[in-house]
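Let's take a walk through this structure together, with the cut-offs stated along the way. Please keep the viewer open as you read.

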Amino acid sequence: MSSPRMPVMALASLSCAAFTAVVTELLPAGLLPELSRDLGVPAGRAGFLVTGYALASFLSAIPVTVAVRGLPRRPILLTVLVCFAALNAGTALSGSYALTFALRLLAGVAGGTLWAMLVGYAARLVPDERRGRAIAIVSAGVTVALCAGIPAGSALAGVAGWRAAFAVLAAASALLAVWVWRSVPPVAGERAGRRLPLRAVLGLTGVRVSLAVTLVVLVGHQIVYTFLAPLAARAGLGEAGVALLVFGLATVAGVWLTGALIDGRVRALLPTALAGTVAAMTVLAVFGQHAGPLLGATAVWGLGFGGLPTLLQSTLIERTGARNADVATSLQTTVYNAGIAAGSFAGGLLLDGLGAVVLPWASLALLSLALAAVALLP
């Protein structure tokens, strides 16, 4: 019997939803001088437009997901995309920092809702044996956003102004809502009698270890990634542009390779990807003062890390089942954002207190711990 065909158009539109969420969240980071000038606030306060979005996403993912578990999935997804369109359009038109910040908070709630349901939606569109590839396709939207979407938005802002960048993003969100409406099959919400409470999902075998591994991996990654610039300068590369380009290209390769291999191999690929990142951090820690080893290690790091979000999500859903995927991924979304925030904060403290040389050592310790913890997964 032949395998059922993958719903490529539906998964591609869900991947574009991931792309839209990432660009909506991070686009202001590349536009801080323009936002600061037009909204009449210091650059630090303009940066809070990113922080506020992330905080709202962090706080809303679990409660909103629990509240809407019984509702059909497609109307919720369409509502989120329409919210992105309206809120990005409002941002493009706003002349007030207070209004812009409020719009960003609401966009963060929409983003938290989207991330909590997106992977679960993809998992329910395909049979279990194709689940990993479906998740990889959706996760690729994140990589494309980081490697191409945000640079493209910044370039457009440089030519036509930051308001034009948000206006284009609003129009793209509206068009995407139409595409999702036409291409993504409806999926029912969970009936009350079949829903596991949040505490019960946390109690499923392997879930807490999976979430702990996700947290440790993100903290370890972010400690180095946030402060790649001083590491690049230490190696004589000047700014971090070349290293970031190498990391981005390797990440794309990691996403593609994971998508090609993942089905039926999640339990083998997760420790392999983690081992690659551990090896990369070892080289960065020992030889990172030289440009060649730094760039080589960055490529291996990107290759391993490119597949880790997909592998971590697939590992979690293997343990909760697709039926509980929305709650499981809302927990993982919260842990993911906490890891990013904690890693950036810890990296800043280490950089100020001990210098750039200690950053890969700290990351190596955490990633090694995560690799050891994977062995505890049943």
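A residue is called buried when its relative accessible area is under 20%, exposed when it is over 50%, and partly exposed in between, using a 1.4 Å probe and protein chains only. What you see is a predicted model, in which local features need pLDDT of at least 70 and side-chain atom pairs count only at pLDDT 80 or more, while totals for chains, interfaces and linings use all residues. Residues are numbered from 1 along each chain as its sequence is written, and side-chain values use heavy atoms, with hydrogens and water left out. Helices and strands are DSSP runs numbered from the N terminus, a helix being H or I with at least four residues and a strand being E with at least two.

Rings of Phe, Tyr and Trp (the six-membered ring of Trp) pair if their centres lie within 6.5 Å; planes under 30 degrees apart count as stacked, over 60 as edge-to-face, and the rest as tilted. By this rule the count comes to 6 aromatic pairs. In one of them, Tyr225 and Phe247 are tilted, with 5.2 Å from centre to centre and 45° between the planes. Tyr225 belongs to helix α9 (residues 207–225) and Phe247 to helix α11 (residues 241–261), so this pair ties together parts that lie 22 residues apart in sequence. Tyr225 is partly exposed, at a relative accessible area of 29%, whereas Phe247 is buried at 6%. Tyr225 also pairs with Trp301, this time edge-to-face, at 6.4 Å centre to centre and 80° between the planes. Here distant parts of the chain are linked, since Tyr225 sits in helix α9 and Trp301 in helix α13 (residues 291–320), 76 residues apart. Trp301 is buried, with a relative accessible area of 1%. Together with Phe305, the residues Tyr225, Phe247 and Trp301 form one aromatic cluster.

Next, look for helix α10 (residues 228–234), which holds Leu228. Leu228 is buried, with a relative accessible area of 1%. Its C-alpha atom is separated by 9.3 Å from that of Leu359, 131 residues apart along the chain. That brings us to helix α15 (residues 359–374), whose 16 residues reach 23 Å from the first C-alpha to the last, close to the 22 Å expected at 1.5 Å a residue. The expected span is 1.5 Å times one less than the number of residues in the helix. The buried residues in α15 include Leu359, Pro360, Ser363, Leu364 and Leu367. An α-helix has 3.6 residues a turn, so residues three or four places apart point the same way.

What makes up the nonpolar patch on the surface? Val283, Val286, Phe287, Val357 and Trp361 form it, with about 410 Å² of accessible area together. Patches are made of residues with over 30% relative accessible area and no salt bridge, like charges being joined within 9 Å and nonpolar side chains (Val, Leu, Ile, Met, Phe, Trp, Tyr) within 5 Å. The areas come from the Shrake-Rupley method with a 1.4 Å probe, and for residues only the protein chains shown count as cover. Helix α12 (residues 266–287) gives the most to the patch, with 3 residues. Phe287 is found in α12 and is partly exposed, at 44% relative accessible area.

Now turn to helix α3 (residues 43–67). Its 25 residues reach 36 Å from first C-alpha to last, close to the 36 Å expected at 1.5 Å a residue. Even so, α3 bends by about 45° at Ser60, and Pro63 follows within four residues. The bend is the angle between axes fitted to the seven residues ending at a residue and the seven starting there. Ser60 is itself among the buried residues of α3, as are Tyr53, Ala56 and Ser57.

Finally, how many salt bridges does a search of the whole structure find? The search finds 1, where a salt bridge is a side-chain nitrogen of Lys or Arg within 4 Å of a carboxyl oxygen of Asp or Glu. Arg37 forms it with Asp38, their closest N and O atoms being 3.9 Å apart. Arg37 is exposed at 58% relative accessible area, and Asp38 is partly exposed at 37%. Leu39 lies in helix α2 (residues 32–39) and is buried, with a relative accessible area of 9%.
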